Amino acid sequence: MRIYPLDQDRNFKTTGPPRPLKTGQIYDQGVLRIRADLVAAMVAQARSDHPDESCGVIAGPSGSHRPERFIPMLNAARSPTFYEFDSEDLLALYRQLDNNDEVPVVIYHSHTATEAYPSQTDIALAGEPEAHYVLISTRETGTEDGPFELRSFRIVDGVVSEEPVQIDGAVE
Ligand SMILES: [Zn+2]
């Protein structure tokens, strides 16, 4: 899916709000619903880190599938073709999420030379079946403003399913 900030209506459909989940239930609503300011924050970080990949998490209440708290992370690999969270950062993050009864609703990273689609490595390393894996590509505009690619996927047992992204509000 391609998102043009000034022409969102063409790209998104409205659906009902996600239902709350029971523990252990796999989310099958088939849509990522996310606020425009969170989309803008992911894109801004991706542009600022270009040509290296950027990464982070958007946390939300456990079981809600509602991304709320933007947590940019360092790409410990500092690489244009790979990302990894620093292991101590990751440990601290999960401790903090546990304390807040939050989960990583969105796990995002950018591709800087290829499309916004999970690589074989991304698929192999995806360990959160309930997370929405968001990819942003800066391959066309680099650090500049302009149209951007942002797509969302579920990755379960090595199987990638794309889901539509519904943005609440206008991306600036
Ligand atoms: Zn990747």
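These legends walk through several close-up views of one predicted protein model.

**View 1. The whole chain, from end to end.**
Start with the overall plan: the protein has three helices and nine strands. Reading from the N terminus, their order is β-β-α-β-β-α-β-α-β-β-β-β. The chain counts 172 residues, and 31% of them are buried. Take the contacts between residues at least 6 apart in sequence: 67% of those join residues at least 24 apart.

Averaged over the protein, pLDDT is 86, and 83% of the residues reach at least 70. Where pLDDT is low, the predicted coordinates should not be read in detail.

**View 2. The largest nonpolar core.**
Which residues touch the most other members of this core? They are Met42, Val106, Tyr133, Val134 and Ile136, out of 29 residues in the core. Two or more residues each come from strands S2 (32-35), S3 (55-61), S5 (102-111), S6 (132-137) and S7 (148-156), and from helix H1 (36-49). H1 gives the largest share, five residues. As a rule, nonpolar side chains in soluble globular proteins tend to be buried together.

**View 3. Helix H1 and its buried residues.**
H1 is 14 residues long, and its first and last C-alpha atoms lie 20 Å apart, close to the 20 Å expected at 1.5 Å a residue. Its buried residues are Leu38, Val39, Met42, Val43, Gln45, Ala46, Arg47 and Asp49. One of these, Met42, is also among the core residues that touch the most other members, and Met42 is in contact with Val134.

Pro51 itself sits in the loop that links H1 to S3.

Ser87 counts as exposed because it has 9 C-beta neighbours inside 10 Å, and 12 or fewer is the cut-off for exposed. Ala76 is eleven residues away from Ser87 in sequence, and the two C-alpha atoms are 8.7 Å apart.

Asp101 is in the loop between H2 and S5. Its phi is positive, about 55°, although Asp101 is not a glycine. With 9 C-beta neighbours inside 10 Å, Asp101 counts as exposed.

**View 4. Strand S6, covered on both faces.**
How many of the six residues of S6 are buried? Six of the six, so S6 is mostly covered. His132, Val134 and Ile136 point one way from the strand, while Tyr133, Leu135 and Ser137 point the other way. Zoom in on Val134: beyond its neighbours within four places in sequence, Val134 is in contact with Met42, Val106, Tyr108, Leu150 and Ser152.

**View 5. The strands that pair with S6.**
S6 pairs with S5 in the parallel sense, over six bridges. To get from S5 to S6, the chain passes through helix H3 (residues 120-125), and this β-α-β crossover is right-handed. His132 in S6 is the bridge partner of Val106. S6 and S7 run antiparallel, joined by five bridges. In that pairing, Val134 stands opposite Ser152 in S7.

Asp157 has a positive phi of about 50° and is not a glycine. Is Asp157 buried or exposed? Exposed, because Asp157 has 7 C-beta neighbours inside 10 Å.

Note on methods: Residues are numbered from 1 along each chain as its sequence is written. This is a predicted model: local features need pLDDT of at least 70, side-chain atom pairs count only at pLDDT 80 or more; totals for chains, interfaces and linings use all residues. A nonpolar core is a set of buried Ala, Val, Leu, Ile, Met, Phe, Trp, Tyr and Cys residues joined through C-beta atoms within 7 Å. A residue is buried if 20 or more other C-beta atoms lie within 10 Å of its own, exposed if 12 or fewer, and partly exposed in between; C-beta atoms are placed from the backbone. Helices (H or I, at least four residues) and strands (E, at least two) are DSSP runs, numbered from the N terminus. Two residues are in contact if their C-beta atoms, placed from the backbone, lie within 7 Å. The expected span of a helix is 1.5 Å times one less than its number of residues. pLDDT is the predictor's confidence in each residue, from 0 to 100. Two strands pair if DSSP finds at least two bridges between them. A crossover is right-handed if, with the strands pointing away from the viewer, the path from the first strand over the helix to the second runs clockwise.
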